[in-house]
2 protein chains.
Amino acid sequence: MCLVDIVIFIKLLVYTSAMVVIVKYGEIALKGKNRIDFERKLIKNIKDCLKKNNIEFGQVKRLSGRILIETDQKCDCLNYVYGISSYSYASKVKTDVDEIKKEALKQYKTGTFRVSVKRVDKVLDKSPEIEKKVGAYIVQQKNAKVKLKDYDVCINVEIFKENSFVYSEKIKGLGGLPVGIEGKVCAVLEDDDSVEAAKLMMKRGCEVVLYKLKDVNYDELKKYEYGFKLREVDKVPNYVAAVVTSEKLETLKDRSFGKPVLRPLVAY
Amino acid sequence: MCLVDIVIFIKLLVYTSAMVVIVKYGEIALKGKNRIDFERKLIKNIKDCLKKNNIEFGQVKRLSGRILIETDQKCDCLNYVYGISSYSYASKVKTDVDEIKKEALKQYKTGTFRVSVKRVDKVLDKSPEIEKKVGAYIVQQKNAKVKLKDYDVCINVEIFKENSFVYSEKIKGLGGLPVGIEGKVCAVLEDDDSVEAAKLMMKRGCEVVLYKLKDVNYDELKKYEYGFKLREVDKVPNYVAAVVTSEKLETLKDRSFGKPVLRPLVAY
(Lines give C-alpha, C1' and ligand atoms only; values in the text may rest on other atoms or scores of the structure.)
Protein backbone atom coordinates (compact mmCIF):
# COMPACT_ATOMS: atom_id res chain seq x y z
CA MET A 1 0.00 0.00 0.00
CA CYS A 2 1.64 3.27 -1.07
CA LEU A 3 1.15 6.62 0.63
CA VAL A 4 -1.62 7.72 -1.76
CA ASP A 5 -3.51 4.52 -1.03
CA ILE A 6 -3.19 5.05 2.71
CA VAL A 7 -4.51 8.60 2.40
CA ILE A 8 -7.48 7.31 0.33
CA PHE A 9 -8.06 4.55 2.87
CA ILE A 10 -8.22 7.00 5.75
CA LYS A 11 -10.58 9.24 3.75
CA LEU A 12 -12.83 6.25 3.15
CA LEU A 13 -13.09 5.58 6.87
CA VAL A 14 -14.36 9.06 7.65
CA TYR A 15 -16.31 9.67 4.46
CA THR A 16 -20.09 9.76 4.52
CA SER A 17 -22.10 11.15 1.65
CA ALA A 18 -25.69 12.33 1.29
CA MET A 19 -25.55 11.28 -2.33
CA VAL A 20 -24.71 8.04 -4.04
CA VAL A 21 -24.21 7.13 -7.63
CA ILE A 22 -26.22 4.04 -8.57
CA VAL A 23 -24.54 2.15 -11.37
CA LYS A 24 -26.46 -0.42 -13.42
CA TYR A 25 -24.88 -3.00 -15.67
CA GLY A 26 -26.80 -4.93 -18.27
CA GLU A 27 -27.65 -8.52 -17.42
CA ILE A 28 -27.47 -9.24 -21.11
CA ALA A 29 -23.73 -8.60 -21.11
CA LEU A 30 -23.32 -11.40 -18.60
CA LYS A 31 -24.44 -14.22 -20.87
CA GLY A 32 -21.87 -16.99 -20.70
CA LYS A 33 -19.67 -14.95 -18.37
CA ASN A 34 -18.96 -15.38 -14.76
CA ARG A 35 -21.05 -12.73 -13.10
CA ILE A 36 -18.84 -12.36 -10.04
CA ASP A 37 -15.75 -11.77 -12.20
CA PHE A 38 -17.69 -9.19 -14.15
CA GLU A 39 -18.76 -7.31 -11.03
CA ARG A 40 -15.36 -7.44 -9.35
CA LYS A 41 -13.59 -6.15 -12.42
CA LEU A 42 -16.19 -3.43 -12.93
CA ILE A 43 -15.79 -2.24 -9.33
CA LYS A 44 -12.00 -2.23 -9.71
CA ASN A 45 -12.24 -0.20 -12.91
CA ILE A 46 -14.73 2.25 -11.39
CA LYS A 47 -12.44 2.86 -8.39
CA ASP A 48 -9.47 3.37 -10.69
CA CYS A 49 -11.53 5.83 -12.70
CA LEU A 50 -12.59 7.84 -9.65
CA LYS A 51 -9.04 7.99 -8.29
CA LYS A 52 -7.54 9.10 -11.59
CA ASN A 53 -10.10 11.88 -11.82
CA ASN A 54 -9.53 13.03 -8.23
CA ILE A 55 -13.03 12.29 -7.10
CA GLU A 56 -13.52 11.78 -3.38
CA PHE A 57 -15.56 8.72 -2.64
CA GLY A 58 -16.47 6.42 0.21
CA GLN A 59 -17.50 2.86 -0.33
CA VAL A 60 -18.03 1.33 -3.75
CA LYS A 61 -20.13 -1.73 -3.18
CA ARG A 62 -22.26 -4.25 -4.96
CA LEU A 63 -25.87 -4.46 -3.78
CA SER A 64 -28.62 -6.50 -5.43
CA GLY A 65 -27.42 -6.16 -9.01
CA ARG A 66 -26.31 -2.53 -8.63
CA ILE A 67 -23.06 -0.88 -7.71
CA LEU A 68 -23.40 1.97 -5.22
CA ILE A 69 -20.72 4.66 -5.09
CA GLU A 70 -20.74 6.93 -2.07
CA THR A 71 -19.77 10.35 -3.33
CA ASP A 72 -21.11 13.89 -3.43
CA GLN A 73 -19.18 14.79 -6.55
CA LYS A 74 -20.07 14.72 -10.25
CA CYS A 75 -18.65 11.60 -11.89
CA ASP A 76 -18.71 12.40 -15.61
CA CYS A 77 -15.70 10.13 -15.99
CA LEU A 78 -18.06 7.13 -15.62
CA ASN A 79 -19.04 7.89 -19.22
CA TYR A 80 -15.78 6.20 -20.17
CA VAL A 81 -16.00 3.01 -18.14
CA TYR A 82 -16.98 -0.02 -20.21
CA GLY A 83 -19.53 -2.33 -18.62
CA ILE A 84 -21.78 0.40 -17.20
CA SER A 85 -25.20 0.42 -18.86
CA SER A 86 -26.43 3.48 -16.96
CA TYR A 87 -25.81 5.50 -13.83
CA SER A 88 -27.82 7.93 -11.73
CA TYR A 89 -27.09 10.49 -9.07
CA ALA A 90 -29.36 9.58 -6.18
CA SER A 91 -30.13 11.20 -2.86
CA LYS A 92 -29.85 9.00 0.18
CA VAL A 93 -32.71 9.30 2.67
CA LYS A 94 -33.87 7.29 5.65
CA THR A 95 -36.25 4.49 4.67
CA ASP A 96 -39.40 6.28 5.70
CA VAL A 97 -42.32 7.30 3.50
CA ASP A 98 -42.31 10.92 4.68
CA GLU A 99 -38.57 11.28 4.03
CA ILE A 100 -39.04 9.78 0.57
CA LYS A 101 -41.96 12.12 -0.15
CA LYS A 102 -39.91 15.17 0.79
CA GLU A 103 -36.97 14.17 -1.37
CA ALA A 104 -39.18 13.21 -4.32
CA LEU A 105 -40.87 16.61 -4.15
CA LYS A 106 -37.47 18.28 -4.18
CA GLN A 107 -36.51 16.41 -7.33
CA TYR A 108 -39.72 17.17 -9.18
CA LYS A 109 -39.19 20.23 -11.35
CA THR A 110 -41.84 20.65 -14.04
CA GLY A 111 -44.10 18.86 -16.52
CA THR A 112 -45.89 15.51 -16.22
CA PHE A 113 -44.37 12.89 -13.97
CA ARG A 114 -44.60 9.40 -12.59
CA VAL A 115 -43.15 7.70 -9.52
CA SER A 116 -41.51 4.32 -9.87
CA VAL A 117 -40.73 2.42 -6.68
CA LYS A 118 -38.55 -0.65 -6.39
CA ARG A 119 -38.34 -2.42 -3.02
CA VAL A 120 -35.01 -4.17 -3.04
CA ASP A 121 -35.62 -5.05 0.61
CA LYS A 122 -39.26 -5.82 1.30
CA VAL A 123 -39.91 -3.12 3.89
CA LEU A 124 -42.56 -0.37 4.12
CA ASP A 125 -45.78 -0.80 2.06
CA LYS A 126 -45.99 -2.54 -1.27
CA SER A 127 -44.47 -0.60 -4.18
CA PRO A 128 -47.74 0.53 -5.87
CA GLU A 129 -48.97 1.94 -2.58
CA ILE A 130 -45.78 3.92 -2.01
CA GLU A 131 -45.99 5.14 -5.60
CA LYS A 132 -49.52 6.38 -4.97
CA LYS A 133 -48.61 8.13 -1.72
CA VAL A 134 -45.53 9.86 -3.12
CA GLY A 135 -47.33 10.74 -6.36
CA ALA A 136 -50.34 12.16 -4.54
CA TYR A 137 -48.04 14.30 -2.38
CA ILE A 138 -46.37 15.87 -5.43
CA VAL A 139 -49.75 16.43 -7.10
CA GLN A 140 -51.05 18.16 -3.99
CA GLN A 141 -47.95 20.31 -3.42
CA LYS A 142 -47.18 21.29 -6.99
CA ASN A 143 -50.45 20.76 -8.80
CA ALA A 144 -48.46 18.48 -11.12
CA LYS A 145 -49.99 15.96 -13.51
CA VAL A 146 -49.28 12.22 -13.33
CA LYS A 147 -48.72 10.41 -16.62
CA LEU A 148 -47.68 6.78 -16.72
CA LYS A 149 -46.55 6.80 -20.36
CA ASP A 150 -44.67 9.56 -22.20
CA TYR A 151 -44.08 11.44 -18.94
CA ASP A 152 -41.56 14.26 -18.67
CA VAL A 153 -39.93 13.05 -15.45
CA CYS A 154 -39.78 9.69 -13.75
CA ILE A 155 -38.93 9.86 -10.07
CA ASN A 156 -37.33 6.57 -9.11
CA VAL A 157 -37.21 5.29 -5.55
CA GLU A 158 -35.11 2.27 -4.57
CA ILE A 159 -35.91 1.04 -1.11
CA PHE A 160 -33.38 -0.77 1.06
CA LYS A 161 -33.72 -1.76 4.70
CA GLU A 162 -32.06 1.30 6.26
CA ASN A 163 -31.63 3.84 3.52
CA SER A 164 -33.51 4.51 0.32
CA PHE A 165 -32.41 6.27 -2.82
CA VAL A 166 -34.31 8.78 -4.90
CA TYR A 167 -33.26 9.84 -8.39
CA SER A 168 -34.87 11.28 -11.46
CA GLU A 169 -32.23 11.04 -14.13
CA LYS A 170 -30.56 8.09 -15.79
CA ILE A 171 -27.34 8.68 -17.70
CA LYS A 172 -26.60 6.16 -20.41
CA GLY A 173 -23.28 4.37 -20.06
CA LEU A 174 -21.08 2.72 -22.67
CA GLY A 175 -22.32 -0.83 -22.10
CA GLY A 176 -20.04 -3.66 -23.11
CA LEU A 177 -17.81 -5.64 -20.75
CA PRO A 178 -15.36 -4.28 -18.14
CA VAL A 179 -11.87 -3.98 -19.60
CA GLY A 180 -9.73 -6.84 -18.36
CA ILE A 181 -12.42 -9.52 -18.21
CA GLU A 182 -11.23 -11.00 -21.49
CA GLY A 183 -7.63 -11.55 -22.50
CA LYS A 184 -5.01 -9.12 -23.73
CA VAL A 185 -4.85 -8.21 -27.39
CA CYS A 186 -2.35 -6.25 -29.43
CA ALA A 187 -3.80 -3.41 -31.53
CA VAL A 188 -1.87 -2.34 -34.60
CA LEU A 189 -1.81 1.44 -34.94
CA GLU A 190 -1.55 2.31 -38.61
CA ASP A 191 -4.43 4.69 -39.42
CA ASP A 192 -7.22 6.63 -37.72
CA ASP A 193 -9.55 3.64 -37.79
CA SER A 194 -7.04 1.72 -35.66
CA VAL A 195 -8.17 3.63 -32.60
CA GLU A 196 -11.79 2.70 -33.35
CA ALA A 197 -10.85 -0.97 -33.75
CA ALA A 198 -8.99 -0.94 -30.42
CA LYS A 199 -11.98 0.69 -28.71
CA LEU A 200 -14.30 -2.04 -29.97
CA MET A 201 -12.06 -4.72 -28.49
CA MET A 202 -11.88 -2.80 -25.21
CA LYS A 203 -15.66 -2.70 -25.22
CA ARG A 204 -15.61 -6.51 -25.44
CA GLY A 205 -13.47 -6.57 -22.28
CA CYS A 206 -9.97 -6.82 -23.76
CA GLU A 207 -6.92 -5.07 -22.38
CA VAL A 208 -5.06 -3.52 -25.27
CA VAL A 209 -1.34 -3.09 -25.89
CA LEU A 210 -0.37 -0.88 -28.80
CA TYR A 211 1.90 -1.84 -31.65
CA LYS A 212 2.63 1.47 -33.36
CA LEU A 213 3.38 0.90 -37.06
CA LYS A 214 2.60 4.50 -37.98
CA ASP A 215 2.45 7.67 -35.96
CA VAL A 216 -1.21 7.60 -34.97
CA ASN A 217 -2.58 9.83 -32.23
CA TYR A 218 -4.21 7.57 -29.67
CA ASP A 219 -5.20 10.13 -27.03
CA GLU A 220 -8.82 9.02 -27.50
CA LEU A 221 -7.95 5.59 -26.07
CA LYS A 222 -6.56 7.12 -22.89
CA LYS A 223 -10.06 8.24 -21.91
CA TYR A 224 -10.99 4.56 -21.49
CA GLU A 225 -7.83 3.53 -19.66
CA TYR A 226 -9.27 2.36 -16.35
CA GLY A 227 -8.27 -0.80 -14.55
CA PHE A 228 -5.19 -1.30 -16.72
CA LYS A 229 -2.29 0.63 -18.24
CA LEU A 230 -2.04 1.35 -21.96
CA ARG A 231 1.42 0.73 -23.27
CA GLU A 232 3.34 0.60 -26.52
CA VAL A 233 5.22 -2.48 -27.69
CA ASP A 234 7.65 -2.78 -30.59
CA LYS A 235 6.59 -6.24 -31.69
CA VAL A 236 3.60 -8.47 -31.13
CA PRO A 237 4.18 -9.92 -27.66
CA ASN A 238 3.73 -13.58 -26.92
CA TYR A 239 1.25 -13.04 -24.10
CA VAL A 240 -1.51 -11.55 -26.28
CA ALA A 241 -4.30 -13.76 -27.60
CA ALA A 242 -4.71 -11.95 -30.89
CA VAL A 243 -3.78 -8.99 -33.07
CA VAL A 244 -6.36 -6.29 -33.82
CA THR A 245 -6.29 -4.38 -37.09
CA SER A 246 -8.52 -1.71 -38.58
CA GLU A 247 -9.10 -3.48 -41.89
CA LYS A 248 -12.50 -3.29 -43.54
CA LEU A 249 -13.79 -5.31 -46.47
CA GLU A 250 -12.42 -2.71 -48.88
CA THR A 251 -8.96 -2.68 -47.32
CA LEU A 252 -8.55 -6.35 -46.47
CA LYS A 253 -4.92 -7.47 -46.30
CA ASP A 254 -3.43 -10.90 -45.94
CA ARG A 255 -0.67 -10.39 -43.37
CA SER A 256 0.68 -12.75 -40.78
CA PHE A 257 1.43 -11.71 -37.22
CA GLY A 258 1.88 -15.21 -35.84
CA LYS A 259 -1.41 -14.75 -33.94
CA PRO A 260 -5.06 -14.78 -34.97
CA VAL A 261 -6.02 -11.44 -36.52
CA LEU A 262 -9.18 -9.69 -35.34
CA ARG A 263 -10.78 -7.15 -37.67
CA PRO A 264 -13.62 -5.74 -35.57
CA LEU A 265 -14.53 -3.08 -38.15
CA VAL A 266 -15.25 -5.61 -40.85
CA ALA A 267 -18.89 -6.24 -39.94
CA TYR A 268 -19.53 -2.97 -38.17
CA MET B 1 -34.01 -14.25 -72.00
CA CYS B 2 -35.71 -17.46 -70.95
CA LEU B 3 -39.42 -18.17 -71.24
CA VAL B 4 -40.17 -17.17 -67.65
CA ASP B 5 -38.46 -13.82 -68.22
CA ILE B 6 -40.49 -13.24 -71.39
CA VAL B 7 -43.72 -13.96 -69.55
CA ILE B 8 -42.71 -11.54 -66.79
CA PHE B 9 -41.72 -8.96 -69.39
CA ILE B 10 -45.12 -9.16 -71.07
CA LYS B 11 -46.84 -8.91 -67.68
CA LEU B 12 -44.82 -5.78 -66.94
CA LEU B 13 -46.07 -4.11 -70.11
CA VAL B 14 -49.70 -4.56 -69.19
CA TYR B 15 -49.40 -4.24 -65.41
CA THR B 16 -50.71 -1.14 -63.70
CA SER B 17 -51.21 -1.03 -59.97
CA ALA B 18 -53.19 1.26 -57.69
CA MET B 19 -50.66 0.58 -54.99
CA VAL B 20 -46.90 0.94 -54.84
CA VAL B 21 -44.38 -0.11 -52.29
CA ILE B 22 -42.03 2.75 -51.42
CA VAL B 23 -38.64 1.44 -50.37
CA LYS B 24 -36.20 3.66 -48.48
CA TYR B 25 -32.53 2.92 -48.03
CA GLY B 26 -30.35 4.67 -45.49
CA GLU B 27 -28.02 7.32 -46.81
CA ILE B 28 -25.69 6.44 -43.98
CA ALA B 29 -25.03 3.04 -45.53
CA LEU B 30 -23.69 4.77 -48.62
CA LYS B 31 -20.68 6.37 -46.98
CA GLY B 32 -17.63 5.63 -49.10
CA LYS B 33 -19.71 3.49 -51.47
CA ASN B 34 -20.76 4.17 -54.97
CA ARG B 35 -24.39 5.15 -54.66
CA ILE B 36 -25.34 4.06 -58.18
CA ASP B 37 -23.86 0.58 -57.62
CA PHE B 38 -25.78 0.35 -54.36
CA GLU B 39 -29.09 1.28 -55.98
CA ARG B 40 -28.65 -0.98 -58.99
CA LYS B 41 -27.78 -3.96 -56.86
CA LEU B 42 -30.63 -3.27 -54.47
CA ILE B 43 -33.13 -3.09 -57.35
CA LYS B 44 -31.75 -6.34 -58.78
CA ASN B 45 -32.07 -8.07 -55.40
CA ILE B 46 -35.60 -6.73 -54.86
CA LYS B 47 -36.72 -8.02 -58.26
CA ASP B 48 -35.16 -11.41 -57.55
CA CYS B 49 -36.96 -11.48 -54.20
CA LEU B 50 -40.36 -10.65 -55.74
CA LYS B 51 -39.95 -13.26 -58.48
CA LYS B 52 -38.90 -15.99 -56.08
CA ASN B 53 -41.93 -15.28 -53.93
CA ASN B 54 -44.33 -15.25 -56.90
CA ILE B 55 -45.34 -11.66 -56.44
CA GLU B 56 -46.73 -9.93 -59.51
CA PHE B 57 -45.19 -6.56 -60.02
CA GLY B 58 -44.85 -3.88 -62.67
CA GLN B 59 -41.97 -1.46 -62.74
CA VAL B 60 -39.33 -1.29 -60.01
CA LYS B 61 -37.70 2.08 -60.39
CA ARG B 62 -35.49 4.52 -58.59
CA LEU B 63 -37.01 7.96 -57.98
CA SER B 64 -35.43 10.71 -55.90
CA GLY B 65 -33.74 8.50 -53.36
CA ARG B 66 -36.57 5.96 -53.15
CA ILE B 67 -37.31 2.76 -54.98
CA LEU B 68 -40.92 2.41 -56.11
CA ILE B 69 -42.35 -1.05 -56.72
CA GLU B 70 -45.63 -1.25 -58.64
CA THR B 71 -47.59 -4.05 -57.06
CA ASP B 72 -50.91 -4.67 -55.38
CA GLN B 73 -49.65 -7.62 -53.37
CA LYS B 74 -48.20 -7.95 -49.87
CA CYS B 75 -44.39 -8.09 -50.02
CA ASP B 76 -43.40 -9.52 -46.62
CA CYS B 77 -40.36 -11.06 -48.32
CA LEU B 78 -38.80 -7.56 -48.38
CA ASN B 79 -38.13 -8.16 -44.70
CA TYR B 80 -35.24 -10.33 -45.86
CA VAL B 81 -33.58 -8.03 -48.37
CA TYR B 82 -30.42 -6.38 -47.02
CA GLY B 83 -30.03 -2.71 -47.84
CA ILE B 84 -33.67 -1.72 -47.22
CA SER B 85 -34.03 0.61 -44.26
CA SER B 86 -37.84 0.72 -44.43
CA TYR B 87 -40.75 0.17 -46.79
CA SER B 88 -44.36 1.28 -46.95
CA TYR B 89 -47.46 0.23 -48.82
CA ALA B 90 -48.73 3.40 -50.46
CA SER B 91 -51.83 4.23 -52.46
CA LYS B 92 -51.27 5.98 -55.77
CA VAL B 93 -53.57 8.94 -56.46
CA LYS B 94 -53.60 11.75 -58.99
CA THR B 95 -51.60 14.75 -57.81
CA ASP B 96 -54.56 16.82 -56.72
CA VAL B 97 -55.37 18.09 -53.24
CA ASP B 98 -58.91 16.68 -53.25
CA GLU B 99 -57.72 13.22 -54.31
CA ILE B 100 -55.06 13.30 -51.61
CA LYS B 101 -57.61 14.40 -49.01
CA LYS B 102 -59.92 11.50 -49.89
CA GLU B 103 -57.18 8.91 -49.73
CA ALA B 104 -55.75 10.32 -46.48
CA LEU B 105 -59.21 10.16 -44.93
CA LYS B 106 -59.51 6.52 -46.00
CA GLN B 107 -56.21 5.70 -44.32
CA TYR B 108 -57.05 7.43 -41.05
CA LYS B 109 -58.45 4.88 -38.61
CA THR B 110 -58.45 6.04 -35.01
CA GLY B 111 -56.55 8.04 -32.38
CA THR B 112 -54.49 11.21 -32.71
CA PHE B 113 -52.83 11.90 -36.04
CA ARG B 114 -50.60 14.15 -38.06
CA VAL B 115 -50.11 14.70 -41.77
CA SER B 116 -46.60 14.87 -43.17
CA VAL B 117 -46.21 16.08 -46.75
CA LYS B 118 -43.07 15.85 -48.86
CA ARG B 119 -43.05 17.51 -52.26
CA VAL B 120 -40.50 15.60 -54.29
CA ASP B 121 -41.63 17.62 -57.31
CA LYS B 122 -42.45 21.19 -56.41
CA VAL B 123 -46.07 21.22 -57.54
CA LEU B 124 -49.33 22.16 -55.74
CA ASP B 125 -49.08 24.40 -52.65
CA LYS B 126 -46.19 24.42 -50.23
CA SER B 127 -46.01 21.37 -47.94
CA PRO B 128 -47.23 23.01 -44.68
CA GLU B 129 -50.30 24.33 -46.50
CA ILE B 130 -51.19 20.91 -47.93
CA GLU B 131 -50.65 19.44 -44.47
CA LYS B 132 -53.10 21.95 -43.02
CA LYS B 133 -55.73 21.32 -45.68
CA VAL B 134 -55.55 17.53 -45.46
CA GLY B 135 -55.40 17.63 -41.66
CA ALA B 136 -58.39 19.98 -41.41
CA TYR B 137 -60.39 17.71 -43.70
CA ILE B 138 -59.79 14.67 -41.50
CA VAL B 139 -60.59 16.68 -38.35
CA GLN B 140 -63.85 17.86 -39.89
CA GLN B 141 -64.92 14.44 -41.23
CA LYS B 142 -63.86 12.26 -38.32
CA ASN B 143 -63.66 14.66 -35.40
CA ALA B 144 -60.07 13.44 -35.00
CA LYS B 145 -57.39 15.20 -32.98
CA VAL B 146 -54.14 16.45 -34.50
CA LYS B 147 -50.96 15.89 -32.48
CA LEU B 148 -47.56 16.75 -33.88
CA LYS B 149 -45.57 14.73 -31.34
CA ASP B 150 -46.45 11.31 -29.89
CA TYR B 151 -49.28 10.87 -32.38
CA ASP B 152 -50.94 7.50 -32.99
CA VAL B 153 -50.86 7.70 -36.81
CA CYS B 154 -48.76 9.70 -39.23
CA ILE B 155 -50.29 10.01 -42.68
CA ASN B 156 -47.48 10.55 -45.14
CA VAL B 157 -47.96 12.12 -48.54
CA GLU B 158 -45.24 12.14 -51.17
CA ILE B 159 -46.02 14.41 -54.06
CA PHE B 160 -44.66 13.84 -57.55
CA LYS B 161 -45.60 15.69 -60.73
CA GLU B 162 -48.32 13.30 -61.97
CA ASN B 163 -49.06 10.92 -59.16
CA SER B 164 -48.79 11.18 -55.41
CA PHE B 165 -48.48 8.50 -52.80
CA VAL B 166 -50.24 8.26 -49.47
CA TYR B 167 -49.19 5.84 -46.73
CA SER B 168 -49.55 5.57 -43.01
CA GLU B 169 -47.29 2.73 -42.01
CA LYS B 170 -43.54 2.28 -42.22
CA ILE B 171 -42.14 -1.23 -41.92
CA LYS B 172 -38.56 -1.43 -40.70
CA GLY B 173 -36.16 -3.22 -43.02
CA LEU B 174 -32.90 -5.00 -42.30
CA GLY B 175 -30.59 -2.13 -43.19
CA GLY B 176 -27.06 -2.97 -44.21
CA LEU B 177 -25.77 -3.17 -47.78
CA PRO B 178 -27.30 -5.08 -50.71
CA VAL B 179 -25.79 -8.55 -51.00
CA GLY B 180 -23.27 -8.58 -53.84
CA ILE B 181 -21.98 -5.05 -53.48
CA GLU B 182 -18.85 -6.30 -51.71
CA GLY B 183 -16.82 -9.32 -52.69
CA LYS B 184 -17.47 -12.99 -52.16
CA VAL B 185 -16.50 -14.66 -48.91
CA CYS B 186 -16.41 -18.27 -47.79
CA ALA B 187 -18.28 -19.01 -44.57
CA VAL B 188 -17.15 -22.03 -42.56
CA LEU B 189 -20.12 -23.97 -41.21
CA GLU B 190 -19.07 -25.67 -38.00
CA ASP B 191 -21.59 -24.65 -35.31
CA ASP B 192 -24.85 -22.76 -34.89
CA ASP B 193 -23.08 -19.43 -34.62
CA SER B 194 -21.66 -19.98 -38.12
CA VAL B 195 -25.01 -19.05 -39.61
CA GLU B 196 -25.04 -15.84 -37.59
CA ALA B 197 -21.51 -14.98 -38.74
CA ALA B 198 -22.47 -15.58 -42.39
CA LYS B 199 -25.55 -13.36 -41.98
CA LEU B 200 -23.43 -10.51 -40.61
CA MET B 201 -21.17 -10.64 -43.66
CA MET B 202 -24.22 -10.75 -45.97
CA LYS B 203 -25.49 -7.68 -44.17
CA ARG B 204 -22.21 -5.96 -45.10
CA GLY B 205 -22.92 -6.77 -48.76
CA CYS B 206 -20.93 -9.99 -49.21
CA GLU B 207 -22.05 -12.95 -51.26
CA VAL B 208 -21.43 -16.08 -49.25
CA VAL B 209 -20.34 -19.56 -50.33
CA LEU B 210 -20.55 -22.27 -47.71
CA TYR B 211 -17.72 -24.53 -46.64
CA LYS B 212 -19.45 -27.19 -44.57
CA LEU B 213 -17.07 -28.62 -41.98
CA LYS B 214 -19.87 -29.97 -39.81
CA ASP B 215 -23.48 -30.77 -40.53
CA VAL B 216 -25.04 -27.42 -39.71
CA ASN B 217 -28.57 -26.54 -40.74
CA TYR B 218 -28.38 -23.34 -42.79
CA ASP B 219 -32.03 -22.97 -43.82
CA GLU B 220 -32.03 -19.60 -42.08
CA LEU B 221 -29.57 -18.26 -44.66
CA LYS B 222 -31.84 -19.20 -47.55
CA LYS B 223 -34.32 -16.56 -46.42
CA TYR B 224 -31.77 -13.92 -47.40
CA GLU B 225 -30.73 -15.49 -50.70
CA TYR B 226 -31.71 -12.77 -53.16
CA GLY B 227 -29.55 -11.55 -56.03
CA PHE B 228 -27.20 -14.54 -55.77
CA LYS B 229 -27.21 -18.28 -55.25
CA LEU B 230 -26.05 -19.93 -52.04
CA ARG B 231 -23.84 -22.90 -52.71
CA GLU B 232 -21.65 -25.37 -50.89
CA VAL B 233 -17.96 -25.83 -51.68
CA ASP B 234 -15.63 -28.53 -50.44
CA LYS B 235 -12.57 -26.36 -50.03
CA VAL B 236 -11.90 -22.64 -49.74
CA PRO B 237 -12.11 -21.41 -53.34
CA ASN B 238 -9.55 -19.09 -54.81
CA TYR B 239 -12.06 -16.45 -55.87
CA VAL B 240 -13.17 -15.51 -52.35
CA ALA B 241 -11.63 -12.54 -50.60
CA ALA B 242 -11.74 -14.03 -47.13
CA VAL B 243 -12.92 -16.85 -44.88
CA VAL B 244 -15.63 -16.19 -42.28
CA THR B 245 -15.68 -18.11 -39.01
CA SER B 246 -17.91 -17.98 -35.97
CA GLU B 247 -15.12 -17.63 -33.43
CA LYS B 248 -15.56 -15.39 -30.42
CA LEU B 249 -12.94 -14.22 -27.96
CA GLU B 250 -13.56 -17.28 -25.79
CA THR B 251 -13.23 -19.70 -28.69
CA LEU B 252 -10.44 -18.06 -30.65
CA LYS B 253 -8.45 -20.50 -32.79
CA ASP B 254 -5.28 -19.99 -34.79
CA ARG B 255 -6.03 -21.78 -38.05
CA SER B 256 -4.84 -21.03 -41.55
CA PHE B 257 -7.13 -21.11 -44.58
CA GLY B 258 -4.71 -19.41 -46.97
CA LYS B 259 -6.99 -16.34 -46.89
CA PRO B 260 -7.63 -13.59 -44.36
CA VAL B 261 -9.99 -14.83 -41.66
CA LEU B 262 -12.99 -12.69 -40.68
CA ARG B 263 -14.53 -13.26 -37.26
CA PRO B 264 -17.55 -10.96 -37.30
CA LEU B 265 -18.86 -12.21 -33.94
CA VAL B 266 -15.72 -11.22 -32.08
CA ALA B 267 -16.76 -7.64 -31.36
CA TYR B 268 -20.49 -8.15 -31.55
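What span should the 16 residues of helix α4 of chain A have at 1.5 Å a residue, and how far apart are its end C-alpha atoms?

## Helix α4 of chain A

In this predicted model, helix α4 of chain A covers residues 127-142, and its 16 residues should span 22 Å at 1.5 Å a residue. Its end C-alpha atoms are 22 Å apart, which agrees with that expectation.

The buried residues of α4(A) include A:S127, A:I130, A:V134, A:G135 and A:I138. Seen down the axis of α4(A), its buried residues fall within an arc of 125 degrees, so they line one face of the helix. An α-helix has 3.6 residues a turn, so residues three or four places apart point the same way. What covers the buried residues of α4(A) includes α3 (97-107), β5 (113-119) and β6 (153-159) of chain A, whereas the face turned away from the buried side carries the exposed residues A:K132 and A:Q140. Just after α4(A), A:N143 takes a positive phi of about 55 degrees.

## Helix α5 of chain A

Helix α5 of chain A, residues 192-203, can be examined in the same manner: its 12 residues should span 16 Å at 1.5 Å a residue, and its end C-alpha atoms are 18 Å apart, which agrees. At the start of α5(A), a side-chain oxygen of A:D191 reaches to within 3.2 Å of the backbone nitrogen of A:D193, and just after the helix A:G205 takes a positive phi of about 95 degrees.

The buried residues of α5(A) are A:S194, A:V195, A:A197, A:A198, A:K199, A:L200, A:M201 and A:M202. These buried residues pack against the strands β9 (184-189), β10 (207-212), β12 (242-244) and β13 (261-262) of chain A, and also against the helix α6 (219-222) of that chain.

## How chains A and B are related

Two copies of a chain are related by a rotation about an axis and a shift along it. Here, chain B can be laid on chain A with an RMSD of 0.1 Å by a turn of 179 degrees and a shift of 0.1 Å along the axis. That is the relation of a two-fold axis.

## The interface

Between chain B and chain A, 24 residues of chain B are in contact with 24 residues of chain A. The two chains bury about 1800 Å² between them, with 65% of it on carbon and sulfur atoms. Of the area that chain B buries against chain A, B:L249, B:P260 and B:A267 supply 26%, more than any other three residues. Because 100% of the interface residues of chain B are also interface residues in chain A, the copies meet through the same surface.

Note on methods: Residues are numbered from 1 along each chain as its sequence is written. Chains are lettered from A and ligands numbered from 1 in the order in which they are written. This is a predicted model: local features need pLDDT of at least 70, side-chain atom pairs count only at pLDDT 80 or more; totals for chains, interfaces and linings use all residues. Side-chain values use heavy atoms; hydrogens and water are left out. Helices (H or I, at least four residues) and strands (E, at least two) are DSSP runs, numbered from the N terminus. The expected span of a helix is 1.5 Å times one less than its number of residues. Buried means under 20% relative accessible area, exposed over 50%, partly exposed in between (1.4 Å probe, protein chains only). Contact means heavy atoms within 4.5 Å. A polar contact is a pair of N or O atoms within 3.5 Å; within protein, one must be able to donate a hydrogen and the other to accept it, and residues adjacent in sequence count only if both atoms are side-chain atoms. Copies are superposed by least squares on the C-alpha atoms of residues with pLDDT of at least 70 in both. The arc is that of the directions from the helix axis to the C-beta atoms. Buried area is the accessible area (1.4 Å probe) that two parts lose on being put together, summed over both.
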